[in-house]
Amino acid sequence: MLSNPYSKFFGRLLLFLLLLLAVDFLLGNALRLLFFNQKKGQIAQATYSIDSANEDILIFGSSRAVRHYNPRIIADITSLTCYNVGRDGQRIPFYCAVQELALQRKKPKLIILDMNATELTVDPSKFLKLTLLLPYCKNHPELVKYIEEISRFERYKLYSQVYPFNSYLFIMLFNALFEEKIEADDFGFQPLKRTLSEEQAEKLIQKKITADHRNSAINQLIDPKSVAYFNQFLKLASSENIKTLVVISPELDQESKLLKSQIGDICKNYSNVEFIDYSTSVKYHAQNEKFADLFHLNEIGANEFSSELAQYIQKNVRNH
Amino acid sequence: MLFNSLEFVIFYLIVTCIYFVIPYRFRWFILLASSCYFYMAFVPIYILILGFTIVVDYFVAIEIEKQTGKGKKVLLICSLIANLGVLVVFKYYNFFVDNVGFLSSQLFIKNPLPYLEILLPIGLSFHTFQAMSYNIEVYRGNQKAEKHFGVYSLYVMFYPQLVAGPIERPQNVLHQFHKKIEFSYDNMVIGLRIMLWGFIKKLIVADRLSIYVDSVFNNPDFHNGTSVAIAAFFFAIQIYCDFSGYSDIAIGSARTMGIDLMTNFKQPYFARSIKDFWGRWHISLSTWFRDYLYIPLGGSRVSEYRKYFNLFLVFMVSGIWHGANWTFVIWGALHGFYRIIGTWNETFRKRMISKLHLEGNYIVYGFEIAFTLCLVTLTWIFFRANSLQDAFTLLANLKSFGEKPFLGDGTNGMAHCIFAILVLLAIEYKLEFLPKRFNLTTHPLRAVRWATLTAGIFLILIFGVFNGGQFIYFQF
């Protein structure tokens, strides 16, 4: 039986592949069940943002959006519902993906897009982080075009039921096992509690100046793909007649003015899009007690900023 | 084309199938053509550089074999100059210009040398050393000059080991390209198993740790001593898994075609001394330096001081071989220094252990392993740092060791890093200390073998990093 090495090898290979398919199916579905049954934590928030968010105001952005905008305060002042769909480490392609799905469900009344100076610069990792969308591709095939930015084979990798849940097992198990230890979702807002001391702030700013000087050539390079995504985001909002605020939230130490003015210039091309730059605001600039680290406001700073922005919305957006 | 890409999987499957389907006499051609395609997937034009050295070495070797006496030596020198010349121009010229520029700026004069707008052809250092070993062996009479141009070209172009080794010797590989190799079930299974282990090392360990390592080493100003120490340790593991993972994929893919390549790593972080480490790390390179540089310099059959000089020189050359940057020179110099100190006090250490009756003591064993790992890890800081300035910044930051470390991608990312290291440690421990136990992939029960392989594949799918980029040693 199977004396020919070819038949022996390919026969067993076939059996082994069938075994792999079966395991992939079973394990993949188990992981899917675990993933979509997360009650608290970042995965649950991401699932809500992608599958369900339908509030009047949606806040898009990266970790700065997640830490800087308190939807509860904005909702209280504006009397509109609000959710923060920002995600740590994500960039403009991700915001476009979430925006596309959100607008299919319900048109929000206002979109707030938090940007920063480096949002449009060259950084290949901004596309790699789109792996966050992989688990949702099965239910939302329109996301596949975004995940193809990761690699041209990404679409084919999705034939595996397990692959979309790559790197999630530990966090899913932790969330499931220690659910009571995880804070409840505060409309997507995740404030940072710590405060930066003056000494720490000075030290960090010095380090940043050295690093910026060293990488000045790279830091200023504009990525055409990111610009295209930024235009896509604004175009969709504008075509749907949704008021959009592109906001540069407060910074401890100012990032590149040139890059920020480029963001402002792009915004001018769209109706219903307003660009607001809080990075120059004296209320926050160099105010270390309002920051948790070099790039993020702490809870005190975030609440103050959210309140200020909400009042601006109330005065200049809602009443017009 | 990267080994850790779907392109490679498709390429490998097609080439291996064609290899066994076509008649034996055309196999060299399919392997050579696919190797050229593999290489041209990086920067196509650079194949011409390899082509130049291949033509030179092929004809020179045939002439060396015919010649006797002085003519033979002259031909060998010509071939070495041609090979090293290409390497010097592409790899070291701009580094040289940089240094001349620095010196001339100190003397307030303009740099007299222009920069060359060239990229280093991928894997050039590996290719050069493999080509040189062929001509040296023909010169020494240990290897007959290969008359078949296609087979000789394949020897230096064979795609599994073309861009990052193992740096083969002609005696080991050339004759295999002439053999009629039948399709073998065992070769296929063993080869695929070795490849799977390589992919596990690369995708689960190396590329996972690289996320943390890159964050720290690319932003040296922002990280405290604890983070630098963690990143240096992670890099030690990363570079091992990256490079040995590549070697395993190379060895495994060659094995499926019935071709045996040399072992390149033997659990190096279980080494008990730097000397031991170099017997386990990048074996094909360290034996190359031993055979073609250290021994011709006199090796250890010279005076004590000359021996130390030889050791130091070999490691300095090894450093510069890795890259045209002072960081690599210092990395090599540190290893040279370690080896000199280790050789100098070797007798004393052995006598001490004997006097204290500590032979075979596990605590001493563990201490030696840990101490060697620390010494090696320190050198990796220079190896990984983007510049000498960065390396010194990182070392200066070590002063704040003990402060709260940076967590990289958060606790989830760190948990993946620790898990990856534990998986590696468990398997390496088994390979080093329990070679005859827990051989799950060769277990008599098929269910156990298949369960182990299935677990390996799903470990990659669940914990692997699929966008980790290229192998570190490709740049050399």
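Reply:

**Where chain A meets chain B**

A salt bridge joins the side chains of E7(B) and R152(A), at 3.0 Å from N to O; the term stands for a side-chain nitrogen of Lys or Arg within 4 Å of a carboxyl oxygen of Asp or Glu. The model is predicted, so to speak of local features takes pLDDT of at least 70 and side-chain atom pairs count only at pLDDT 80 or more, while totals for chains, interfaces and linings use all residues. Residues are numbered from 1 along each chain as its sequence is written, chains are lettered from A in the order in which they are written, and side-chain values use heavy atoms, leaving out hydrogens and water.

Now for the wider picture. Chain A brings 35 residues to the contact and chain B brings 32 residues, where contact means heavy atoms within 4.5 Å. Together the two chains bury about 3,300 Å², 69% of it on carbon and sulfur atoms; this buried area is the accessible area (1.4 Å probe) that two parts lose on being put together, summed over both.

On to helices, which are DSSP runs (H or I, at least four residues) numbered from the N terminus. I18(B) lies in helix α1 of chain B, and that helix, residues 6-21, gives the most to a nonpolar patch, with 6 residues.

Methods. Helix = DSSP H or I, 4+ residues; strand = E, 2+ residues; numbered from the N terminus.
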